[in-house]
Structures are given as structure tokens and as C-alpha cells.
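Visitor: Hi, I'd like a quick look at a structure. Can you walk me through it?

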Amino acid sequence: MAAVCQVTGAIPGFGHSISHSHRRNKRRFDPNIQKKSYFVPSLGRKVTLTLSAKGIKVIDARGIDAVVRDMIKRGVKL
């Protein structure tokens with residue numbers, strides 16, 4: 001599964017892990033991606049989304065219908 005949030009568009013960040021002796025190694029900071037399914041009344045069916053923790057909070061605040069409407073305008077496949 002790709003580490004990309006379908007709502008916020010959060011993608012992995014890149015940087016270094018730094019040891020105690022200050023040696024640096026490349027690493028990847030993945031967003032907290034989870035699969036969640038929601039019932040969308042406007043579509044009349046369940047939709048499974050890959051969301052970051054922030055994306056789940058956005059859905060809780062704005063509502064699933066408003067978020068799905070914006071996703072469809074952007075051209076995200078559901």
C-alpha cells in the first residue's frame with residue numbers, strides 16, 4: 001500500500017536518522033496511514049479510503065459527504 005493519504009495528500013518525508021556519535025543515515029518518515037471504510041449517503045454505498053490520522057480528523061470535522069464531494073472534484077477514484 002502506498003503511503004499517501006487520499007484526503008490530505010500527505011506523502012512520506014525524507015531525512016536522516018542521527019546516532020549518538022552524530023553519524024547520519026538516510027531514512028523515510030511515513031505518515032500514519034490507515035484503511036477506513038465509511039458509508040457515504042450521497043453515493044449510497046460504503047467507500048474504503050487510505051487515510052492519515054489528520055485525514056480522519058478532517059472527515060470527523062467536515063463530514064464524509066463534503067470530503068467525498070471534494071475528492072470527486074479533484075478526480076480521486078473511489
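Guide: Here is a short talk about a backbone angle and some charged pairs. This is a predicted model, where local features need pLDDT of at least 70, side-chain atom pairs count only at pLDDT 80 or more, and totals for chains, interfaces and linings use all residues. Residues are numbered from 1 along each chain as its sequence is written, and side-chain values use heavy atoms, with hydrogens and water left out.

Visitor: Which phi does His22 have?

Guide: A positive one, about 70 degrees, although His22 is not a glycine. Most residues other than glycine have a negative phi.

Visitor: Where is His22 found?

Guide: In the loop between β1 (13–18) and β2 (24–29). Strands are DSSP runs of E, at least two residues, numbered from the N terminus.

Visitor: How accessible is His22?

Guide: His22 is partly exposed, at 48% relative accessibility. Buried means under 20% relative accessible area, exposed over 50%, and partly exposed in between (1.4 Å probe, protein chains only).

Visitor: New topic. How many salt bridges are found in the whole structure?

Guide: The search finds 2. A salt bridge is a side-chain nitrogen of Lys or Arg within 4 Å of a carboxyl oxygen of Asp or Glu.

Visitor: Which side chain meets Asp30?

Guide: Arg28, at 2.7 Å, N to O. Asp30 is partly exposed at 47%, and Arg28 is partly exposed at 44%.

Visitor: And which residue forms a salt bridge with Arg62?

Guide: Asp70, with the closest N and O atoms 2.4 Å apart. Arg62 is partly exposed at 45%. Asp70 is partly exposed too, at 27%.

Visitor: Why can such side chains pair?

Guide: Side chains of opposite charge can pair when their charged atoms come close.

Notes: Helix = DSSP H or I, 4+ residues; strand = E, 2+ residues; numbered from the N terminus.
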